[in-house]
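Trainee: I would like to learn how to read the features of a structure that is new to me. Could we go through them one at a time?

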Amino acid sequence: MTFIGLSGNICRFLVFLSVTGMLTPTVAEMAKSTSKSLVGEIDTEILPVESAFKIIVAKKEDFIEVRWLIAPGCYVYRDKIFFSPNLDGIYIPKGDSYHDMFFGEVEVYFDELVAIIPLTSKKSLVKDLKVSFQGCSELGFCYPSQTRDINF
């Protein structure tokens with residue numbers, strides 16, 4: 001039995017009562033609910049990379065839209081986004097300034113990112129496109145750099 005979030009003396013007292021059999025089930029349940037409300041619900045799950053960063057690609061008449069759906073608590077680094085072949089005129093919006101425990105002050109995206117690739121040059125008529133990126137979880141876990149192949 002654990003009493004997360006309670007002060008040391010209260011916790012030791014409740015453990016003493018539990019060990020001696022003097023802690024009734026009703027009091028034990030109250031202690032559990034009190035400890036949860038003091039700490040709050042903390043989600044500590046590290047998502048698989050495919051769930052943390054979903055990419056949806058749509059080819060329109062004069063541009064390609066690459067959309068990242070970023071799971072809550074995760075983010076993508078702006079300076080870790082690359083396209084191959086290297087195409088001209090790719091629009092990537094400004095991200096949020098963020099202090100990252102690994103890289104210091106960086107520009108990142110939370111929730112969603114949409115990059116627009118204009119189809120204005122012969123170079124942009126490629127049939128295959130590679131998208132590389134890297135992201136992390138706010139829990140302190142960084143995913144390895146990812147590359148996704150996009151075929152049209």
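Mentor: Let us start with burial: a residue is called buried under 20% relative accessible area, exposed over 50%, and partly exposed in between, using a 1.4 Å probe and protein chains only. Cys74, at 4% relative accessibility, therefore counts as buried. Please keep in mind that this is a predicted model, in which local features need pLDDT of at least 70 and side-chain atom pairs count only at pLDDT 80 or more, while totals for chains, interfaces and linings use all residues. Residues are numbered from 1 along each chain as its sequence is written, and side-chain values use heavy atoms, with hydrogens and water left out.

Trainee: How far is the sulfur of Cys74 from the closest cysteine sulfur?

Mentor: A disulfide is a pair of cysteine sulfur atoms within 2.5 Å. The sulfur of Cys74 lies 8.8 Å from the closest one, in Cys136, which is too far for a bond. Cys136 instead forms a disulfide with Cys142, their sulfur atoms being 1.8 Å apart, and by this rule the count comes to 1 disulfide. The torsion about that S-S bond is about 95°, so the disulfide of Cys136 and Cys142 is right-handed.

Trainee: Which residues have the most contacts inside the largest nonpolar core?

Mentor: In soluble globular proteins, nonpolar side chains tend to be buried together. A nonpolar core is a set of buried Ala, Val, Leu, Ile, Met, Phe, Trp, Tyr and Cys residues joined through side-chain atoms within 4.5 Å. Here the largest has 24 residues, and Phe53, Val66, Trp68, Ile81 and Phe83 have the most contacts inside it. Among the elements that give two or more residues to this core are strand S2 (63–70) and strand S7 (112–118), strands being DSSP runs of E with at least two residues, numbered from the N terminus. S2 gives the most to this core, with 4 residues.

Trainee: In what order do the strands of the open sheet lie?

Mentor: Strands of a sheet pair through backbone hydrogen bonds, either parallel or antiparallel, and two strands count as paired if DSSP finds at least two bridges between them. In this model 3 strands form an open sheet in the order S1-S2-S7, with antiparallel pairing. The edge strands are S1 (53–59) and S7, each of which pairs on one side only. S1 and S2 pair over 7 bridges, and Phe53 has Ile70 in S2 as its bridge partner.
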